[in-house]
Amino acid sequence: MKAFQSEDPLLQVRNVTRYYGDRIGCANVSFDLWPGEVLAIVGESGSGKTTLLNCLSTRLAPTAGAIEYRMRDGAMRNLYQLSEAERRLLMRTDWGFVHQNAADGLRMNVSAGANVGERLMAVGERHYGNIRATADDWLGRVEIESDRIDDDPRSFSGGMRQRLQIARNLVTQPRLVFMDEPTGGLDVSVQARLLDLLRRLVADLGLSVVIVTHDLAVARLLSHRIMVMRHGNVIETGLTDQVLDDPREPYSQLLVSSILQV
Amino acid sequence: MTGTAQLQTYDFAGGEYNFAYLDEQTKRMIRRAILKGIAIPGYQVPFASREMPMPYGWGTGGVQVTASILGKDDCLKMIDQGSDDTTNAVSLRGFFEKTAGVRTTYETSEATIVQTRHRIPEKPLREDQIIVFQVPIPEPLRFLEPRETETRKMHALEDYGLMHVKLYEDIAKNGHIATTYAYPVKVNGRYVMDPSPTPKFDNPKIDRMAALQLYGAGREKRIYAIPPYTDVKSLDFEDYPFEVQKFDMPCGLCGAENVYLDEVILDDKGGRMFVCSDSDYCEERRAEGHTGPMAADPAAVHIGGGKQEETDR
Amino acid sequence: MYVAVKGGETAIRNAHKLLAKRRRGDTSVPALTLEQIAEQLSHSVARVMGEGSLYDETLAALAIKQARGDLIEAAFLMRAYRTTLPRFGYSEPVDTAAMLVERRISATYKDLPGGQVLGPTFDYSHRLLDFALAAEDGDAVPAAETAPVEDVGMPRVTDLLGDEGLIEPSSTDSGDAPVGDLTREPLSFPADRDLRLQNLARGDEGFLLALAYSTQRGYGRTHPFAGEIRYGEVEVEFFAEELGFAVTLGTIKVTECQMVNQFAGSAKAPPAFTRGYGLVFGQVERKAMSMAMVDRSLRWQELGEEPVAPAQDIEFVLSHSDNIQATGFVEHLKLPHYVDFQAELDLVRRMRDEWFEKRRQENGSGNTQEAAE
């Protein structure tokens with residue numbers, strides 16, 4: 001695994017807590033994410049991992065705690081003190097969000113080319129030929145044939161939709177990508193291909209990634225570090241190999257052994 | 001509590017309306033909205049649109065704007081589809097003749113206020129004129145995003161990427177931008193605006209126009225404005241620049257070129273001719289002695305007709 | 001032949017003359033009087049007053065007569081007239097608990113203080129055409145025996161529930177909060193309940209009925225019970241600054257419907273019955289009930305429910321409930337659109353040419369390929 005690229009963290013999370021009424025979504029989560037690092041958040045459904053991901057990506061305001069992000073100018077900013085305009089700019093340039101269901105992250109009624117080109121147009125690109133060439137290049141990088149560029153994603157298979165969603169997110173060279181079960185709902189063979197592609201892109205682009213998954217095999221293949229969550233709390237954190245090969249917490253042991261038995 | 005309803009008695013013979021129908025209080029409210037619109041070119045100002053005695057969608061926004069700026073000395077020109085004597089133009093002109101008693105005209109140069117639906121006169125407007133547009137759907141983003149809450153946010157944040165997605169799709173699917181009317185523009189480098197359903201042929205006219213442009217949408221309760229000499233740019237791509245449609249032939253009646261033409265079906269065997277959509281412009285040219293290729297055709301005599309009807313005017 | 005270019009003014013004038021003639025119909029048949037309309041078509045009058053947003057039976061009768069019985073057109077006439085009226089101020093809230101009740105029913109209690117008062121209703125009638133009515137000469141109306149209404153007051157059912165704390169309070173604010181008025185300020189979203197209720201009260205009966213019905217069929221169920229429907233006269237009071245107290249301006253007839261809805265509680269609110277409220281001019285029960293059901297559906301956010309159905313979508317419901325707006329915009333398609341259509345004609349011709357050209361080229365290249373093979 002490649003060494004982290006910087007001394008300074010990209011994302012600093014301190015005591016993030018989110019309640020739903022009087023029920024805990026996630027509680028007191030703190031960690032740093034470094035440039036080029038892939039962090040997997042694992043746990044069963046209901047463990048709070050998706051709540052945490054939504055808090056991190058400003059899609060759900062935490063009840064308490066602070067999340068700071070290093071902007072492109074190097075300054076750390078509290079995400080929940082950004083203006084709506086700054087937040088939107090961040091989300092369409094410096095960040096990506098890959099949904100489990102590709103339809104949530106794509107415009108299903110516009111062409112693949114426009115799906116990839118949208119972010120470029122949103123930040124002011126006004127040359128049709130350049131937009132199209134960039135979109136074509138990105139479709140190639142996610143292994144979608146050039147002649148599909150004018151088709152809309154409704155005609156795409158599940159795996160293709162997911163790859164298109166990834167291209168749509170990466171076209172502006174983001175530094176941080178959030179992924180919510182990106183391989184969920186896909187056939188095993190399709191999953192393998194997608195994971196392989198993701199691993200390559202993440203390494204090539206030096207992306208920082210926070211990925212939520214219940215599938216420890218995905219975590220092992222993609223991530224440098226793992227956070228195990230249960231009942232809204234982080235119960236174990238460590239390097240991926242270490243947590244998966246030698247889990248300390250009984251719950252982590254159970255989680256790992258259940259996977260290994262399958 | 002039964003028994004016959006005690007109907008209120010009215011003196012139905014009376015009934016006076018205020019000058020230009022609206023009460024002065026309402027006019028002031030609308031003028032405030034207009035001033036705000038002028039101060040923020042292209043921004044849609046919400047206003048408390050009144051119920052008017054014509055249906056929503058039939059020019060209530062334009063009528064309220066006109067009523068609010070109209071003075072006794074004004075001279076009003078009312079056009080619909082470029083023409084002074086289409087049915088709704090006749091109806092709305094009659095409304096102001098009845099309620100305001102102002103002078104009306106067919107001649108563009110004579111008018112101080114021109115209220116229009118779907119066209120801009122061919123003859124350039126002057127600084128001492130105001131053009132009032134009737135607007136059905138003021139929101140240029142409406143068909144990309146149906147929610148008002150979201151579109152207002154998009155305007156506030158200048159989040160207009162979606163607009164270009166639509167243009168991109170046009171080019172990808174058709175080889176060119178397929179929007180022909182209500183073609184979106186950017187006003188003064190800031191707000192994306194719908195110039196109302198005028199053909200895009202008229203878009204160059206609203207760029208740096210000498211006259212003040214006011215847009216009124218009654219049903220949607222919005223007013224917006226473009227002050228004189230404001231930059232108005234039609235959205236496009238660098239390599240697919242905005243262009244207007246061109247007609248292959250001149251006006252059949254007056255021979256004018258580079259004007260917007262209506263296609264008139266002459267018979268059921270494919271016979272047709274093209275004539276100026278701006279009827280006043282066409283008549284003026286013919287009065288000056290210009291003739292088009294079909295001016296001598298019997299059909300043209302019928303279409304061109306005589307001068308405007310004088311009855312009851 | 002092409003006839004639309006000239007003659008607009010004459011054509012319009014003649015069309016309106018013809019309309020006036022058709023409206024009057026056969027002159028050997030006596031003309032309708034406003035009294036006849038107000039007395040004998042009272043449901044129509046009530047609907048026109050409600051959707052026209054102006055309580056005046058005479059004008060509503062006139063509007064119905066002028067509109068040839070087209071109730072949306074009549075409501076439109078009322079609205080246009082209403083615009084021109086000076087606005088002196090806002091009345092005090094009407095007190096429906098003090099209503100002079102002509103009808104009052106509750107579906108949630110068998111009996112209750114004040115009793116069930118059936119009053120004039122189509123309910124439980126057999127919908128058989130009454131041929132005797134066709135020959136009615138005007139005087140022979142059977143006398144109805146009405147039991148004297150007990151003078152014990154008629155507390156609202158929701159107040160009875162409220163005393164036990166089983167239903168949410170009718171409003172969380174003190175009652176002094178300013179109430180919005182969408183005829184004076186443009187509607188903006190998100191819209192609070194005051195504006196929503198005003199919008200629904202002016203809204204189209206058919207639209208609200210269909211929405212309410214959709215919630216019963218599973219598009220956003222709210223489990224309603226008709227807690228109470230009451231119809232009768234209420235006093236309208238106006239606070240006169242000069243006098244320092246409220247004076248009665250007169251009485252109006254209204255129908256009030258309070259729906260009581262089952263509610264299991266959520267993260268935000270404990271389990272309790274919740275309310276949907278409807279109030280309309282005249283005896284228009286169908287609309288009062290529909291309004292109450294839609295009002296309840298639109299409250300999903302404050303009650304922590306999931307928005308899943310059209311009847312819960314505030315922007316959708318409020319933007320499309322007004323039939324004056326709707327009919328205007330739908331019917332404006334009758335206006336000439338030939339300038340825009342010309343632009344589209346031109347485009348379609350061009351695109352068709354391009355399409356055929358492309359096909360021709362493809363076929364051409366296909367042929368050469370075959371030849372090469």
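Student: Which residue of chain A forms a salt bridge with Asp159(B)?

Tutor: A salt bridge is a side-chain nitrogen of Lys or Arg within 4 Å of a carboxyl oxygen of Asp or Glu. Here Asp159(B) pairs with Arg92(A), and their closest N and O atoms are 2.7 Å apart. Between chain B and chain A the count is 3 salt bridges. This is a predicted model, in which local features need pLDDT of at least 70 and side-chain atom pairs count only at pLDDT 80 or more, while totals for chains, interfaces and linings use all residues. Residues are numbered from 1 along each chain as its sequence is written, chains are lettered from A in the order in which they are written, and side-chain values use heavy atoms, without hydrogens and water.

Student: How many residues does the contact take from chain B and from chain A?

Tutor: Contact means heavy atoms within 4.5 Å. The contact takes 19 residues from chain B and 21 from chain A. Buried area is the accessible area (1.4 Å probe) that two parts lose on being put together, summed over both. For chain B and chain A that is about 1800 Å², with 59% of it on carbon and sulfur atoms. On the chain B side, Leu157(B), Val165(B) and Tyr168(B) lose the most area to chain A, together 31% of what that side buries.

Student: At what angle do α5(A) and α5(B) cross?

Tutor: Helices are DSSP runs (H or I, at least four residues), numbered from the N terminus. Axes are lines fitted to C-alpha atoms, for helices over the stretch in contact, and angles run from 0 to 180 degrees between N-to-C directions. The axes of α5 (residues 128-141) of chain A and α5 (residues 161-174) of chain B come within 11 Å and cross at roughly 80°. Angles of 65 to 115 degrees count as roughly perpendicular, and α5(A) and α5(B) are therefore roughly perpendicular to each other. Tyr128(A), Ile131(A) and Arg132(A) meet Tyr168(B), Ile171(B) and Ala172(B) in this contact.

Student: How many residues of chain C are in contact with chain B?

Tutor: In chain C, 64 residues are in contact with 72 residues of chain B. The two chains bury about 5800 Å² between them, 57% of it on carbon and sulfur atoms.

Student: How many salt bridges does the rule find across the interface of chain C and chain B?

Tutor: The rule finds 4 salt bridges there. In one salt bridge, Arg79(C) joins Glu51(B), with the closest N and O atoms 2.6 Å apart.

Terms used:
Helix = DSSP H or I, 4+ residues; strand = E, 2+ residues; numbered from the N terminus. Parallel < 35°, antiparallel > 145°, perpendicular 65-115°, else oblique.
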